[in-house]
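Visitor: I am new to this structure and would like to be walked through it. Could we begin with the terms and then turn to the details?

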Amino acid sequence: MPILYLSEIDQTKEKLMSVLEDRRLSFLYPMLMVQQKMSRAIETDPNPTSIYKWIKDNVNSKMHTTPVFINVLTTSLLKYITSLTTLGDGVDPQQPPEKTTQEQEKELVDRLKPVLQLMIHDYPNLQLVALYALQVHCYQNQFPKGMLLRMFMYFYDMEIVEEEVFLRWKEDITDVYPGKGKGLFQVNQWLTWLEEAEEEEEDEGSDPE
């Protein structure tokens, strides 16, 4: 088997997948291939039912509840959503996006949320993976202004990720996913609010009648 040497500029998922396909070595990175094909499927038909059907037809069911697949799924959805809105052409990611652009971003998350809800609703550990995929997406795009906080709020309000999982993300210490420090700084105030709100609910629930 030939040895692959990739220049620094080629060391992205898309470039790597292209090189591997040219050499008929794509089997070495199956999830890269899945992500590339899934992204195309989402662009072609961004409908939750169609996306889920594509997953059933193209991804082994044993993979559906694995962290690597949920990472790929979340990343593919985020790339699609933000490429049409807050990371679209002509948008400066280091400036707060226009209100209409934010509304479009929120609308797309809401439209596609059933895919994530179906795949991670019963799995807090996979919900945590989805949050890390979001963190890395923001990191790779130099943390667009307000994006991580907006997405955290969407994921919370739309019941994609449970309260306790956000707090697990806050306390989790890992260097596997880059950007945690900066990400935590951007959402810490909101997480504090969430934690206090949860504590108040627990206190109210424990009051004697």
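Guide: Let us begin with a definition: a residue is called buried when its relative accessible area is under 20%, exposed when it is over 50%, and partly exposed in between. Please also keep in mind that this is a predicted model.

Visitor: Which class does Met63 fall into, then, and why?

Guide: Met63 has a relative accessibility of 26%, so it counts as partly exposed.

Visitor: Where is Met63 found?

Guide: Met63 sits in the loop that joins α3, residues 48-58, to α4, residues 67-83.

Visitor: And what does Met63 touch, beyond residues up to four places away in sequence?

Guide: Met63 touches Met31, Val68 and Phe69. Met31 is 32 residues apart from Met63 along the chain, and their C-alpha atoms are separated by 10.0 Å.

Visitor: Let us step back. How many helices and strands does the protein chain have?

Guide: There are nine helices and zero strands in the protein chain.

Visitor: What share of the residues is buried?

Guide: Of the 209 residues in the protein chain, 41% count as buried. As for contacts with a separation of 6 or more, 69% are between residues 24 or more positions apart.

Visitor: Which residues touch the most other members of the largest nonpolar core?

Guide: They are Ile55, Phe69, Leu73, Phe152, Phe155 and Phe166, in a core of 49 residues. The elements giving two or more residues to this core are α2 (30-44), α3, α4, α5, α6 (124-140), α7 (147-157), α8 (163-171) and α9 (180-206).

Visitor: Take Leu73 from that list. What is it in contact with, leaving aside neighbours within four places in sequence?

Guide: Leu73 is in contact with Met38, Ile55, Val115, Leu116 and Met119.

Visitor: How do α4 and α5 run relative to each other, and why is that description used?

Guide: The axes of α4 and α5, the latter being residues 99-120, come within 10 Å and cross at roughly 165 degrees. An angle over 145 degrees counts as roughly antiparallel, and α4 and α5 are therefore described that way. The crossing of α4 past α5 is right-handed.

Visitor: Which residues meet there?

Guide: From α4 come Phe69, Ile70, Leu73, Thr74, Leu77, Tyr80, Ile81 and Thr82, and from α5 come Glu105, Leu108, Val109, Leu112, Val115, Leu116, Met119 and Ile120. By class, this contact has 13 nonpolar, two polar and one charged residues.

Visitor: What about α4 and α6: at what angle do they cross?

Guide: Their axes cross at roughly 45 degrees and come within 8 Å. That angle makes α4 oblique to α6. Here too, α4 passes α6 in a right-handed crossing.

Visitor: Which residues take part in that contact?

Guide: Pro67, Ile70, Asn71, Thr74, Thr75, Leu78, Lys79 and Thr82 of α4 meet Leu126, Val129, Ala130, Ala133, Leu134 and His137 of α6. They divide into eight nonpolar, five polar and one charged.

Visitor: Is Asn71 buried or exposed?

Guide: Asn71, in helix α4, counts as buried because its relative accessibility is 17%, which is under the 20% limit. Leaving aside its neighbours within four places in sequence, Asn71 is in contact with Val129, Ala133 and Tyr177.

Visitor: At what angle do α6 and α8 pack?

Guide: α6 and α8 pack at about 55 degrees, with their axes 9 Å apart. They are therefore oblique to each other, and their crossing is right-handed. Among the residues meeting there are Leu128 and Tyr132 in α6, and Phe166 and Trp169 in α8.

Visitor: Now the loops. Where is Gln142 found?

Guide: Gln142 is in the loop between α6 and α7. Its phi is positive, about 60 degrees, although it is not a glycine. Gln142 is exposed because its relative accessible area is 53%.

Visitor: And what is phi for Glu159?

Guide: Phi of Glu159 is near 60 degrees, a positive value in a residue other than glycine. Glu159 lies in the loop between α7 and α8. Its relative accessibility is 61%, so Glu159 counts as exposed.

Terms used. Residues numbered from 1 in each chain as written. Predicted model: local features only at pLDDT ≥ 70, side-chain atom pairs only at ≥ 80, totals over all residues. Heavy atoms only, no water. Helix = DSSP H or I, 4+ residues; strand = E, 2+ residues; numbered from the N terminus. Buried < 20%, exposed > 50% of the residue type's maximum accessible area, 1.4 Å probe, protein only. Contact = heavy atoms within 4.5 Å. Axes fitted to C-alpha atoms, helices over the stretch in contact; angles between N-to-C directions. Parallel < 35°, antiparallel > 145°, perpendicular 65-115°, else oblique. Left-handed = near helix turned anticlockwise from the far one by under 90°. Nonpolar A, V, L, I, M, F, W, Y, C, P; charged D, E, K, R; others polar. Core = buried A, V, L, I, M, F, W, Y, C linked by side-chain atoms within 4.5 Å.
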